[in-house]
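Please look at the sequence and the fold shown here, and follow the chain from its strands to the helices around them.

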Amino acid sequence: MSEKYTAIVLSAGSGSRMKSSVPKQYMDLLGKPVLYYSLFAFQTSDVDEIILVTGAKDIEYCRKQIVDKYSLTKVKHIVPGGDERYKSVYEGLKAAKGAEYILIHDGARPMLDKDIITRSMISVKKDRACVVAVPVKDTIKIVDEDNYAVSTPDRSTLWQVQTPQSFDYGILSAAYNKIYEDIESGKNVPMITDDAMIIEYATDVKVRIIDGTYKNIKVTTPEDMGVAEVFLKKM
């Protein structure tokens, strides 16, 4: 039996920085919702199934206006997410039983392509944990609470993390169980801003960085929509 790869696509955010009454993942981008593009990328890849995590009130909209409308047959479950990213991922994990490998992707990154998915699938099988990223182009400053620069890290060691972030299901599931146990017991757990931090916190598994592309942006602000249109027209 072949190994099962499951994509968890996150679409539960409100997108407050977009300054729109419509969540960013549902905004119109060249005639289709932003969310459609990443779902379509996984639909046409070698991934076996897709778990879509969205807001509870948006489940029917996603099912009827995106999944059914565009025949995205690999979307097997649409589940409600949590109030933080890691909680939404955990809900997706619970719906992905039977998977060997998990690819977690932001639904607001519409420029996902088949090459990135394929390389993620190859790497996660070998390394058990990998994230897509690109080298930082700009100089980064660390600042204090008063916004004064205090140090400048070596730019050659800095990478800007994107998604997909891919993991062995058993390792990720155990890491999540560990972090939830620590939270419930009152331990001081760091703020979790991406999926790899769960692995870094709860295991000794090294996370492989694999090359992404600078066009794999996250649509966050109104300006990003214009950039996304330009990139999509060239894909």
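Strand β1, made of residues 5-11, runs parallel to strand β6, residues 101-106, and six bridges join the two; here strands (E, at least two residues) and helices (H or I, at least four residues) are DSSP runs, numbered from the N terminus, and two strands pair if DSSP finds at least two bridges between them. Within this pairing, A7 has L103 of β6 as its bridge partner, and L10 stands opposite D106 of β6. This is a predicted model, in which local features need pLDDT of at least 70 and side-chain atom pairs count only at pLDDT 80 or more, while totals for chains, interfaces and linings use all residues. Residues are numbered from 1 along each chain as its sequence is written, and side-chain values use heavy atoms, with hydrogens and water left out.

Strands of a sheet pair through backbone hydrogen bonds, either parallel or antiparallel.

Taken as a whole, the open sheet has seven strands in the order β5-β4-β1-β6-β10-β7-β11, with mixed pairing. Because β5 (75-80) and β11 (208-211) stand at the edges with a single partner strand each, one side of each is left without a neighbour in the sheet. Neighbouring strands are turned by 25° against each other on average, direction ignored, where axes are lines fitted to C-alpha atoms, for helices over the stretch in contact, and angles run from 0 to 180 degrees between N-to-C directions.

How many of the residues of β6 are buried? Six of its six residues are, where buried means under 20% relative accessible area, exposed means over 50%, and partly exposed lies in between (1.4 Å probe, protein chains only). Both faces of β6 are covered, with Y101, L103 and H105 buried on one side and I102, I104 and D106 buried on the other. In strand β7 (residues 129-135), six of the seven residues are buried, so β7 is largely enclosed by the rest of the structure.

Helix α5, residues 169-184, lies across β6 and β10 and runs at about 105° to β10. In helix α2, residues 59-68, the residues I59, C62, I66 and V67 are buried. These four cover an arc of only 80° around the axis, which puts them on the same side of α2; the arc is that of the directions from the helix axis to the C-beta atoms. Among the elements that cover them are β3 (32-33), α1 (34-43), β4 and β5, contact meaning heavy atoms within 4.5 Å.

The largest nonpolar core has 39 residues, and those with the most contacts inside it are L35, L39, F42, L52, V75 and I117; such a core is a set of buried Ala, Val, Leu, Ile, Met, Phe, Trp, Tyr and Cys residues joined through side-chain atoms within 4.5 Å. Helix α1 gives the most to this core, with seven residues. Apart from this core lies another, of 28 residues, among them V53, A96, I192 and I199.
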